[in-house]
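Subject: Structure handover

Dear colleague,

Please find the structure below. My notes on it follow.

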Amino acid sequence: MEAVSQTARWTAAARALESEREDALFTDEHARKLAGDTGFELLKRYAGAGTAPFIAIRTRYMDDAIMRAASTVRQVVFVAAGMDTRVLRLPWPDDLVIYELDRPALLDAKAELLRGARSKPVPVDLAEEWTGALCDAGFRKDLPTLWVAEGLLFFLTEECVRALLRDLAALSAPGSVLVSDMTSAASLKNPFARSFLRALSEDGAPWRFGTDDPEGLLLSCGWQVEDLREPGQEGANFGRWDYPVVPREVPDVPRSFLFTARV
Ligand SMILES: C[S@@+](CC[C@H](N)C(=O)[O-])C[C@H]1O[C@@H](n2cnc3c(N)ncnc32)[C@H](O)[C@@H]1O
């Protein structure tokens with residue numbers, strides 16, 4: 001499995017710990033198995049800068065956004081699904097078709113560990129041409145789609161992020177929704193996250209892209225932001241965020257953006 005795919009075990013480990021809390025924001029009963037020892041080692045290695053609470057908040061924000069959109073679309077595509085188990089743990093409408101995109105080795109490892117998922121795995125490299133593989137798997141661009149791209153965009157170059165967002169928009173019938181997250185430019189050089197960022201780079205999965213203008217970037221790629229929150233704000237706090245939320249007009253601040261957008 002590629003280095004960047006190992007990060008999927010890390011996020012699964014964070015979800016396992018959240019799931020085991022009495023006041024859990026969600027229950028992912030498969031997360032501990034999918035994380036494996038590697039996931040928990042990475043959770044220690046990448047600790048600091050609020051990463052574990054952020055993953056819990058992000059998961060819950062996206063669970064809520066996904067469930068709001070699920071009854072309005074006909075197909076769901078997890079873009080870089082990793083070890084996410086929403087296919088099994090969320091109450092989907094019966095007639096929804098679900099696709100999971102990721103690197104081939106990750107999808108093979110996941111299939112070994114997780115049986116009975118109703119999704120169609122589609123092995124791709126999202127930094128190259130990938131839309132043909134999704135269409136070959138049965139995806140229909142004439143039907144409204146919910147796209148979920150969680151914990152992905154910071155691993156891609158700006159050029160790849162723009163190309164990916166444009167491809168998603170081009171495949172989106174009216175009514176399609178994108179739920180995703182991005183980081184600010186300052187997050188890539190956050191002094192409080194230096195050891196986390198260095199560890200990711202050393203492990204071969206560096207953060208490559210962040211922007212202070214997610215709304216502008218999305219608009220230029222065909223997406224209109226409907227909802228955008230930073231962890232700690234109402235609707236993205238859930239009693240997990242101990243850090244101040246700095247007003248948006250303050251420049252050069254490390255930030256994470258959770259958002260829902262429409263074509
Ligand atoms: C941090 S994990 C997030 C996984 C999952 N969405 C989650 O939130 O747990 C990042 C995922 O992006 C995938 N990924 C990164 N670059 C990719 C690429 N070029 N093509 C396909 N998948 C990629 C990795 O394999 C990994 O599963």
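Which residues surround the ligand, and which are the closest? The shell has 21 residues, and the closest are Ser5, Ala8, Ala80, Gly82 and Gly151. A residue is counted here if its C-beta atom, placed from the backbone, lies within 6 Å of the molecule.

Two notes on the source. This is a predicted model, in which local features need pLDDT of at least 70 and side-chain atom pairs count only at pLDDT 80 or more, while totals for chains, interfaces and linings use all residues. Residues are numbered from 1 along each chain as its sequence is written.

Helix α1 (residues 3-19) gives the most to it, with five residues. Helices (H or I, at least four residues) and strands (E, at least two) are DSSP runs, numbered from the N terminus. By class, the shell has 11 nonpolar, five polar and five charged residues. Ala, Val, Leu, Ile, Met, Phe, Trp, Tyr, Cys and Pro count as nonpolar, Asp, Glu, Lys and Arg as charged, and the others, Gly among them, as polar.

Val4 is also found in helix α1. Val4 counts as buried because it has 20 C-beta neighbours inside 10 Å; the cut-offs are 20 or more other C-beta atoms within 10 Å for buried, 12 or fewer for exposed, and partly exposed in between, with C-beta atoms placed from the backbone. Leaving aside neighbours within four places in sequence, Val4 is in contact (C-beta atoms, placed from the backbone, within 7 Å) with Phe155 and Ala205.

Core. The largest nonpolar core has 64 residues, and those with the most contacts inside it are Val79, Leu101 and Val148. Helix α3 (residues 51-70) gives the most to this core, with 10 residues. Such a core is a set of buried Ala, Val, Leu, Ile, Met, Phe, Trp, Tyr and Cys residues joined through C-beta atoms within 7 Å. Not counting residues up to four places away in sequence, Leu101 touches Val77, Val79, Val122 and Trp130, among others.

Thr59 lies in helix α3 and is buried, with 24 other C-beta atoms within 10 Å. With residues up to four places away in sequence left out, Thr59 touches Arg15, Leu25 and Phe26. The C-alpha atoms of Thr59 and Glu150 are separated by 8.5 Å, although the two are 91 residues apart along the chain.

Sheet. There is an open sheet of seven strands in the order β3-β2-β1-β4-β5-β7-β6, with mixed pairing. Two strands pair if DSSP finds at least two bridges between them. At the edges stand β3 (120-123) and β6 (224-229), each with a single partner strand, so one side of each is left without a neighbour in the sheet.

Four bridges join strand β4 (residues 145-149) to β5, and the two run parallel; Ala149 stands opposite Ser180 in β5. Seven of the seven residues of β5 (residues 177-183) are buried, so this strand is largely enclosed by the rest of the structure. β6 and strand β7 (residues 256-262) run antiparallel, joined by five bridges, and Arg229 has Leu258 in β7 as its bridge partner.

Neither is glycine, yet phi is positive in both: near 55 degrees for Phe238 and near 60 degrees for Asp252. Phe238 counts as partly exposed, with 19 C-beta neighbours inside 10 Å, whereas Asp252, with 10, counts as exposed.

Regards

Conventions: Contact = placed C-beta atoms within 7 Å.
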